[in-house]
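User: I am new to this structure and would like to learn how to read a few of its features. Could you take me through them slowly?

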Amino acid sequence: LVGVPFKGAHLSLGIDLHDVDGNTEKDWSVAYARPVEVFGQSLGARAHFKTIDSSYGAWEEAGVALTYAHNLADLTATVWHEVDSDGSYGVEIMVSRDFTTPVENLTVTPFVAVNVADEYNAVEAGVSADYDLGNGLSAAAKVSYNDNDVDGSAHTLDHDWGVGVGVNYKF
């Protein structure tokens, strides 16, 4: 897909390390994003594949998302599936807002996300920061509060905090 001339689209690869409740989580993702028009409305569309290797268990996830950008905030709806024979399905609704900062190329984004899945419900709230290093490369950091209604599982998040850093490259 690299070099395919889709106007306004990009392919990206992300690698993240997070400290969640004293444990390390390593994630990587590949995503393809482009603008689309649905019923005359311009939206951002993204398809992704992620692999998550965390202290809560390891899994792979595929998903598609649409984002409506507004002056007040962005609204993103993502339909996702954990890619295994018994994998969960779910929908994540996220509200976020990008803020420019006095530091050139630094964007700060507070967000709130709610996941409704066939096996659990979850909430995440936090702030992320993205620093554009140029030539398609950016560095990111994120701090978030996480909670879900999973009990007695490796995936239980009970008022946990996560802190992470990562890099992203857009081809």
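Predicted model: local features only at pLDDT ≥ 70, side-chain atom pairs only at ≥ 80, totals over all residues.

User: In which strand does Asn115 lie?

Analyst: Strands are DSSP runs of E with at least two residues, numbered from the N terminus. Asn115 belongs to strand 8, which covers residues 106–117, and Ala113 is found in strand 8 as well.

User: How does strand 8 pair with strand 9?

Analyst: Two strands pair if DSSP finds at least two bridges between them. Strand 8 and strand 9 (residues 121–134) are paired in the antiparallel sense over 11 bridges, and they form a hairpin with 3 residues between them. Within this pairing, Asn115 has Ala122 of strand 9 as its bridge partner.

User: Is Asn115 buried or exposed?

Analyst: Buried means under 20% relative accessible area, exposed over 50%, and partly exposed in between, using a 1.4 Å probe and protein chains only. Asn115 counts as buried because its relative accessibility is 15%, and Ala113, at 2%, is buried too.

User: Which residues does Ala113 touch?

Analyst: Contact means heavy atoms within 4.5 Å. Leaving aside residues up to four places away in sequence, Ala113 touches Glu92, Ile93, Met94, Ala122, Val123 and Glu124.

Terms used:
Residues numbered from 1 in each chain as written. Heavy atoms only, no water. Helix = DSSP H or I, 4+ residues; strand = E, 2+ residues; numbered from the N terminus.
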